[in-house]
Amino acid sequence: RKKDLTPVTLADTIANSYITTFLRGYFPCDTIVSEEEEIIKGSSGRGWYIDPLDGTTGFGNHTDQFAVHIGFVVNSEPVMGIVYKPTTKEYYWAIKGRGAYRESPTRERLTFPSIRLPSTDNCEVGLISDVSFLMSDAGRATIKNLGDPKVDVSGSCGLRFMRVAEGFAESNLSNCKGRARTWDICAPQIIAEEAGATVAYLDGSVVRYNGDDRLTMPIIVTRDKSKIPFIRDAYATAHGGYVF
């Protein structure tokens with residue numbers, strides 16, 4: 001357990017050391033924000049947001065619900081991201097303006113924009129979230145306020161984003177303010193956006209990165225941008241009039 005009582009494993013720290021050492025060597029003037037160490041402030045206007053093991057609990061429980069995130073930001077905006085799933089050796093990646101992709105171990109490439117859904121009615125589930133959200137009173141109330149959509153679960157924030165990007169789920173809602181951090185969101189954000197989804201704070205404002213590790217409010221990822229006010233109101237009502 002770390003000081004904040006969240007779990008950590010040897011895999012987290014070794015992966016973090018490998019990734020950050022590499023980046024420091026090639027980009028010494030860039031900011032590095034990683035879950036497993038203090039923020040390294042740079043002077044270049046660029047930044048790397050790293051979660052060396054997103055879904056540590058799932059990893060510790062021997063599930064496949066964990067991933068590695070590396071996101072790259074220029075002038076506060078995410079422009080490149082990679083989400084790697086070690087159990088299947090698949091990785092998702094995107095570069096701003098060039099689309100989003102999933103690579104398989106056989107080098108087979110799936111281009112997300114080519115399978116953009118004509119309607120979110122074709123998504124298999126309406127909402128994907130984590131177990132803690134579904135187990136909480138506020139989470140269950142939110143789902144009820146949304147009209148009881150079909151729900152699925154994933155223990156990795158990044159993999160939940162990817163399920164929206166792939167068209168499996170219509171939306172993903174983070175558990176609550178303070179749970180998700182910038183390293184959870186940065187890499188999957190650019191991938192989801194390049195796949196045609198919208199990533200925003202629940203008040204509809206844009207998510208940007210300025211060398212910090214915290215987000216200011218809950219995050220929504222959705223294939224239907226017009227539903228953000230509806231999801232916001234459902235969440236706010238369930239949380240006793242949440243103030244954004």
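The buried residues of helix 7 are covered by elements that include helix 3 (131-135), helix 4 (137-145), strand 10 (169-173), strand 11 and strand 12 (219-222). Helices (H or I, at least four residues) and strands (E, at least two) are DSSP runs, numbered from the N terminus. The model is predicted, and local features need pLDDT of at least 70, while side-chain atom pairs count only at pLDDT 80 or more; totals for chains, interfaces and linings use all residues. Residues are numbered from 1 along each chain as its sequence is written, and side-chain values use heavy atoms, leaving out hydrogens and water.

Helix 7 comprises residues 228-238, and I228, I231, A234, Y235, A236 and A238 are buried in it (under 20% relative accessible area; exposed is over 50%, with a 1.4 Å probe and protein chains only). Just after helix 7, G240 has a positive phi of about 70 degrees.

Helix 1 begins beside T9, whose side-chain oxygen comes to within 3.2 Å of the backbone nitrogen of A11. Because its 17 residues (10-26) should span 24 Å at 1.5 Å a residue, the 25 Å between its end C-alpha atoms agrees with expectation; the expected span is 1.5 Å times one less than the number of residues.

Buried residues of helix 1 are D12, N16, I19, T20 and L23. They lie on the same side of helix 1 because they cover an arc of only 95 degrees around the axis, taken from the directions from the axis to the C-beta atoms. The face turned away carries the exposed residues L10, I14, Y18, T21 and G25.

Contact means heavy atoms within 4.5 Å.

Conventions. Polar contact = N/O pair within 3.5 Å; in protein donor to acceptor, adjacent residues only side chain to side chain.
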